[in-house]
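Hi,

Here is the structure I promised to pass on to you. Have a look at it first, and then read on for what I found.

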Amino acid sequence: MGKKAVQDFIVIENRALNSSNFYIKVKSEFKLPDLKPGQFVNIDIKDSSEVFLRRPFSIFEVNTSENTIAIIVKVLGRGSKKLTEVKVGDVCNIVFPLGKGFTIPQSDERILLIGGGSGVAPMLFLSKVCGLPPENLNLLLGARTGEDHVNVDEYKKYGNLYFTTEDGSLGEKGFVTQHSIFTSNLKAFDKIYACGPDAMMKAVAKEAKAANVFCEVSLENLMACGIGVCLCCIEPTIHGNKCVCSDGPVFNINELKW
Ligand SMILES: Cc1cc2nc3c(=O)[nH]c(=O)nc-3n(C[C@H](O)[C@H](O)[C@H](O)COP(=O)(O)OP(=O)(O)OC[C@H]3O[C@@H](n4cnc5c(N)ncnc54)[C@H](O)[C@@H]3O)c2cc1C
Ligand code: FES
């Protein structure tokens, strides 16, 4: 893990992707370090008397020549709502880069990336940077409705794109673990990566374990400090209790007591 920094970034873009998801891009005046898919930033929510703790967000895009980082924020509660109200020119104080990223696959490996809800962000970042031939990369994204699938069209160029929606309005109807690419033959993949709601990741992990396929998941345990000090993000593993913020958020499923 590289050195962490606490830095002010300037907001250079904030746009709504749909009714509840926002794309926020921030720029640093300093050169960005190497940032890996699966790592996250911890953002101070400014001007809020109710939100004291920083909120963690996965890194979605990085531009090292422009020193920018983009995140996708889904409005859930007070912190995320307040964050989506930032304006171009506002200052955001960010602790980064946090956590350990995904294992980058070899170029001849066939992989399946699974993202649900806000877990889509690190999967899209991984699909962009892992540099696989598109025929080896499969991206399966799950959401409640077609409208919830945001900012994904450009990812067609990185691999095969599959969707599920709970209402059947885009892709196959149901959960990601019910999609035919998932149910047909998991052994066809060398590596599976997943990020999303707890129940989704547990279901993915169960099937990946049964098929004996390498699988990493990125956990979204509630966090406070983000740097392994407060112990509020603990996850039991076969190696004892681990801090999701500093030992994760990415874990191999065989380490987890699921
Ligand atoms: C490593 C990591 C990466 C993340 N990446 C993203 C991202 O890319 N985009 C994004 O939109 N969000 C992401 N999150 C979640 C984001 O940090 C939460 O949305 C945020 O903490 C919610 O804060 P809030 O102040 O809006 O909600 P709060 O007011 O704190 O909580 C509102 C309600 O939501 C529940 N809640 C809070 N956080 C979560 C959670 N993570 N999962 C389930 N329920 C929760 C609370 O228990 C409460 O009931 C990530 C979380 C982690 C740990
Ligand atoms: S959030 Fe404080 S130890 Fe992980």
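Ligand 1 has 22 residues around it, and those that come nearest are Lys 74, Gly 77, Gly 79, Ser 80 and Ser 118. Sorted by class, the shell holds twelve nonpolar, six polar and four charged residues. Please keep in mind as you browse that this is a predicted model.

Now to the overall layout. The protein chain splits into domain 1 (5-98) and domain 2 (111-218), with C-alpha centres 24 Å apart. Where they meet, 13 residues of domain 1 are in contact with 13 residues of domain 2. On the domain 1 side, β2 (21-27) and β6 (68-74) each give two or more residues, and β6 gives the most, with three. That side is made up of seven nonpolar, four polar and two charged residues.

There is also a sheet to explore. Seven strands form an open, mixed sheet in the order β11-β10-β9-β8-β12-β13-β16, with β11 (172-173) and β16 (250-252) as the edge strands. Within this sheet, β12 (residues 191-195) and β13 (residues 214-218) pair in the parallel sense over five bridges, and Lys 191 stands opposite Phe 214 in β13.

Helix α2 (residues 120-129) lies across β8 (111-116), β9 (137-143), β12 and β13, and runs at about 150 degrees to β8. Helix α4 (residues 198-210) packs on the sheet and touches β8, β9, β12 and β13, its direction making about 170 degrees with that of β13.

Happy browsing!

Conventions:
Residues numbered from 1 in each chain as written. Chains lettered and ligands numbered in written order. Predicted model: local features only at pLDDT ≥ 70, side-chain atom pairs only at ≥ 80, totals over all residues. Domains from an automatic or database assignment. Contact = placed C-beta atoms within 7 Å. Helix = DSSP H or I, 4+ residues; strand = E, 2+ residues; numbered from the N terminus. Nonpolar A, V, L, I, M, F, W, Y, C, P; charged D, E, K, R; others polar. Near = placed C-beta within 6 Å. Pairing = 2+ DSSP bridges. Axes fitted to C-alpha atoms, helices over the stretch in contact; angles between N-to-C directions.
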